Each structure stands twice: as C-alpha cells, then as structure tokens.
Amino acid sequence: MTRRKIVTAAASVTGLAVAANLADRYGLVPPDPGGIYGVGETLTYAAQRVLMSHHSMAREFDRSRITRVFPVNGKPPDNDDYQRLLSGKFADWRLTVDGLVARPTIFSLADLMRFPSRTHITQQECEEGWSFIAEWTGVPLSTLLSTAGIGARAKYVVFFPFDENWDSLDLPDAFHPQTLIAYGLNGEELPPPHGAPARLRVPRQLGYKSIKYLSRITVTDSLKNILNGKGSISPDLGYSWYAGI
Ligand SMILES: Nc1nc2c(c(=O)[nH]1)N[C@H]1C(S)=C(S)[C@@H](COP(=O)(O)O)O[C@H]1N2
Ligand SMILES: [Mo]
C-alpha cells in the first residue's frame with residue numbers, strides 16, 4: 001500500500017469508530033452490533049433513525065398491482081399446540097401482550113377484530129430475493145400496545161410465534177402506522193401458510209421481520225436476557241436484526 005492509501009484506510013476506520021461511538025451515545029446501536037457486519041449494521045440503523053422521520057411510510061399500491069400468484073415461505077408449524085388451534089378454527093387461540101405494560105392483556109381473534117382496522121396494499125420482500133404485493137388487513141400494533149398501556153421504560157417489542165422463529169422491533173417501528181397485527185390477506189381471512197390466525201406485518205422492513213403464527217408479544221427495556229440476546233433469530237442465521245427498506 002502507498003502511504004496515501006494507508007492514511008485513507010486509517011481515516012475511514014477512525015471515522016467508523018467515531019460514528020459508532022456517537023451512535024452509542026444517542027442510543028442508536030442495534031441489539032446485534034457485534035458480528036462481522038457490526039459497524040455497518042450500526043451505521044445503517046443509526047442513519048435510518050436519524051435521517052428518516054420515524055413515520056416515513058412504505059409505498060402503498062393500487063389494487064390493480066396486487067400479485068396474482070405469489071409464493072409462501074415455509075409450512076405452518078407442525079406442533080400439537082398449533083395444529084389443535086388450527087383444527088378448532090382458532091376459536092381457542094389467544095394473543096398475550098405482557099412485559100412492561102400497565103395491563104397485561106389476552107386477546108382472542110374476535111377481540112382483535114373489534115378494534116378499528118387498517119388495510120394497506122404493500123410489498124412483502126423476502127431476503128431471499130422474491131417479493132409480492134398484497135392487501136393486508138389488521139389492527140395497528142400501536143392500538144394493542146396502547147390498550148395494554150406501554151410502560152415508560154419500554155424500548156423494544158418482542159414477538160413469539162408457534163414455531164422457533166422470533167423477532168423484535170424498536171418503538172418507532174412498533175408504533176409505525178403501517179405496522180399491523182394482520183388477520184386478513186387480499187380480503188380473505190389470513191391463510192394458515194401466511195401466518196394464521198394473526199401475524200405481524202412490518203412493510204418498512206424485510207419479510208423475515210413479519211413474524212407469522214403469533215402467540216405472545218412482550219414489551220421490554222432490554223433484549224440482552226431474551227434467548228440469544230440479539231433481539232431476533234436472524235443474527236444466528238446470518239441476517240441483521242435491523243432489516244429496514
Ligand atoms: N413464525 C414465522 N414467521 C415468519 C417466518 C417463519 O418461518 N416463521 N418466515 C419469515 C420470512 S423469511 C418471510 S419472507 C415472511 C414470508 O411471509 P409469507 O409466507 O406470507 O410470504 O414471513 C416471515 N415470518
Ligand atoms: Mo424471507
């Protein structure tokens with residue numbers, strides 16, 4: 001390397017370190033900052049949170065743009081708990097909202113449907129490279145969090161389904177007006193392979209954040225003591241916690 005190249009390389013490494021320090025000071029470090037992409041993940045997340053308004057919207061499409069035939073990612077959980085609820089048409093299904101909330105609450109599907117609903121036609125983008133446009137209907141997650149009364153110390157909302165997947169959102173994305181607990185797809189009830197009876201739908205992030213087959217939502221001030229401590233199964237699979245688009 002020439003001296004000039006060495007100086008430039010050193011300067012950009014220092015620049016990244018300074019940026020990472022600043023991100024830390026302002027609470028903009030994602031829960032999975034340690035991997036090979038660590039500094040990059042911090043910068044992506046910090047830049048999104050600093051530059052974009054918290055409620056900048058994902059693009060919504062016209063009905064004519066709905067994808068006619070679209071893929072499904074994986075099969076519904078094959079464990080007894082889920083299969084029993086599925087055969088009972090989810091009459092016994094309940095969604096628990098607990099953690100740092102004033103009133104831990106258990107919702108049935110009918111309870112969710114009684115709240116004012118929101119519908120949007122948005123694109124679901126999988127990290128594997130495919131995507132589709134569909135109409136999603138559900139209750140804004142913000143409605144459920146407000147009903148349970150989110151605590152002042154709350155920082156993250158964690159989602160546990162009936163399979164081994166799990167993930168979490170920070171409060172800007174949890175309270176984003178397009179973030180839904182969706183129970184409808186293209187005007188029908190949510191089909192089992194797409195996450196019945198209710199799933200998270202976060203159009204501002206890649207598909208893997210939109211956890212299907214929900215069972216429990218918990219509010220926390222830290223992700224460090226939950227499973228791998230990184231806020232999501234994704235870092236174990238080579239993907240980042242923050243998947244903003
Ligand atoms: N519980 C659970 N949620 C999940 C998954 C999963 O395997 N289990 N796959 C994720 C991935 S990788 C994607 S791209 C989307 C796909 O949603 P779809 O099957 O409705 O297209 O769901 C996400 N939510
Ligand atoms: Mo995906």
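In the predicted model, strand E1 (residues 94-99) and strand E2 run antiparallel and are joined by four bridges; within this pairing, Thr 96 has Ile 106 of E2 as its bridge partner. Both strands belong to an open sheet of five strands with mixed pairing, arranged in the order E2-E1-E10-E5-E6. Because strand E2 (105-108) and strand E6 (167-170) each have a single partner strand, they stand at the edges, and one side of each is left without a neighbour in the sheet. With direction ignored, neighbouring strands are turned against each other by 20° on average. Helix H5 (residues 141-148) packs on this sheet, where it touches E1, E2, strand E5 (156-161), E6 and strand E10 (214-220), and its direction makes about 140° with that of E2.

Strand E5 pairs on both sides. Towards E10, with which E5 runs antiparallel, there are six bridges, and Phe 160 stands opposite Arg 216 of E10. Towards E6, which also runs antiparallel to E5, there are four bridges, including that between Tyr 156 and its partner Asp 170, and a hairpin of five residues joins the two strands. E5 is mostly covered, six of its six residues being buried. In a regular strand, side chains alternate between the two faces of the sheet. In E5, Tyr 156, Val 158 and Phe 160 point one way, whereas Val 157, Phe 159 and Pro 161 point the other way, and all are buried.

Val 50 lies in helix H2 (residues 38-51) and is exposed, with a relative accessible area of 56%.

Key
Residues are numbered from 1 along each chain as its sequence is written. Chains are lettered from A and ligands numbered from 1 in the order in which they are written. This is a predicted model: local features need pLDDT of at least 70, side-chain atom pairs count only at pLDDT 80 or more; totals for chains, interfaces and linings use all residues. Side-chain values use heavy atoms; hydrogens and water are left out. Two strands pair if DSSP finds at least two bridges between them. Axes are lines fitted to C-alpha atoms, for helices over the stretch in contact, and angles run from 0 to 180 degrees between N-to-C directions. Contact means heavy atoms within 4.5 Å. Buried means under 20% relative accessible area, exposed over 50%, partly exposed in between (1.4 Å probe, protein chains only).
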